[in-house]
Structures are given as structure tokens and as C-alpha cells.
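Please look over the sequence and the structure shown below, and keep them at hand while reading the report that follows.

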Amino acid sequence: MSTIEIYTDGACRGNPGPGGWGAWLIAGKHKKELFGGELDTTNNRMELMAAIKALSALKSASVVTLTTDSQYVRKGITEWLAGWKLKGWKNSQKKPVKNSDLWKLLDEQNQRHKVDWQWVKGHSGHPGNEKADELANKGIDSIL
């Protein structure tokens, strides 16, 4: 089974403000661009939406390398999520987890697939991240 490469990014013009998400999916010779936006959102919500929409677009369970420039998304899904679930979606300060609606959706998608979560520094010239950033900004432009 081949690995599907996914690059995701979120963007906001103002935080909160109009935001967009973008995802670039690569499976062998096949490439797919996904993007969308919301008028009143945050950068973190758009980072989460990018990963959710990308994984949701896969028709069947897949082996995925998902690269994001968001430590919030990568650490959330790989380090913090299990504790949040055990504590009834409360964080270490016993407060409700922000964006729990989206974390629950991402958790569902993460369980459907075998995902290797990777992080790359944003705006550092990484081709996949630059493409995802371009798509996230296209997502903002699509709603304005």
C-alpha cells in the first residue's frame, strides 16, 4: 500500500477574522487541491479544518504522511488528545478544550487512517507547505 502525502495549512486575516484552509494531497501521479474558508474564525480552527477536510477526502482507509506547520495540530493529535478524552474534554487547567468540536472530528478521521504526523517550519520554502499556504489563502479569497 502506497503512502498518501498530505500538506495542510490554515490562514487568517485577523485572528479572529476571515480564514481559510488548504490541503494538497499527493498519491503517486495524482494530485488534488482542496481549500475553503469561513468569514469569522481563528487560525487554529483553520489549521484543524485543513487536516479534517484532507483526511475526510480519502475514500478508504489509507496510510498517510500528513505534514503541517502547526505545532498546535501535531501536538494536539499526537500528545494531548488522549488526556483530553480521559478528562472529559478538559485541559490541564480543568477548563474546556478549545475547538473540541473540531478535535473530535479530527480524532475520528485520524482513527480511520494510519497517519504519520509531521511538522515543518512555516514559510521556510518547503514546497508542500508553500502550496498548502497558497491554497489556504485561496480559501480566504473564495469567501471575500
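## Helices H1 and H3

In this predicted model, helix H1 (residues 43-56) packs against helix H3 (residues 100-112) at an angle of about 30 degrees, with their axes 9 Å apart; axes are lines fitted to C-alpha atoms, for helices over the stretch in contact, and angles run from 0 to 180 degrees between N-to-C directions. H1 and H3 are therefore roughly parallel to each other, a term kept for angles under 35 degrees, with over 145 counted as roughly antiparallel, 65 to 115 as roughly perpendicular and the rest as oblique. Helices (H or I, at least four residues) and strands (E, at least two) are DSSP runs, numbered from the N terminus.

From H1, the contact (heavy atoms within 4.5 Å) draws on Arg45, Leu48, Met49, Ala51, Ile52, Leu55 and Ser56, while H3 supplies Asp101, Leu102, Trp103, Leu105, Leu106, Gln109, Asn110 and Arg112. By class, the residues of this contact of H1 with H3 are nine nonpolar, three polar and three charged, where Ala, Val, Leu, Ile, Met, Phe, Trp, Tyr, Cys and Pro count as nonpolar, Asp, Glu, Lys and Arg as charged, and the others, Gly among them, as polar.

## Helices H2 and H3

The axes of H2 and H3 come within 11 Å and cross at roughly 95 degrees, and the two helices are therefore roughly perpendicular to each other. Their contact involves Tyr72, Val73, Gly76, Ile77, Leu81, Trp84 and Lys85 of H2, together with Trp103, Leu106, Asp107, Asn110 and Gln111 of H3; seven of the residues in this contact of H2 with H3 are nonpolar, three polar and two charged.

## The open sheet

Five strands form an open sheet of mixed pairing, in the order E3-E2-E1-E4-E5, where two strands pair if DSSP finds at least two bridges between them. Strand E3 (30-41) and strand E5 (114-119) are the edge strands, each pairing on one side only. On average, and with direction ignored, neighbouring strands of this sheet are turned by 20 degrees against each other.

Strand E2 (residues 17-27) pairs with E3 in the antiparallel sense over 10 bridges, and Ala27 stands opposite His30 in E3. Helix H4 (residues 127-143) lies across strand E1 (3-12), E2 and E3, and runs at about 135 degrees to E2.

## Basis of the values

Residues are numbered from 1 along each chain as its sequence is written, and side-chain values use heavy atoms, with hydrogens and water left out. Because the model is predicted, local features need pLDDT of at least 70 and side-chain atom pairs count only at pLDDT 80 or more, whereas totals for chains, interfaces and linings use all residues.
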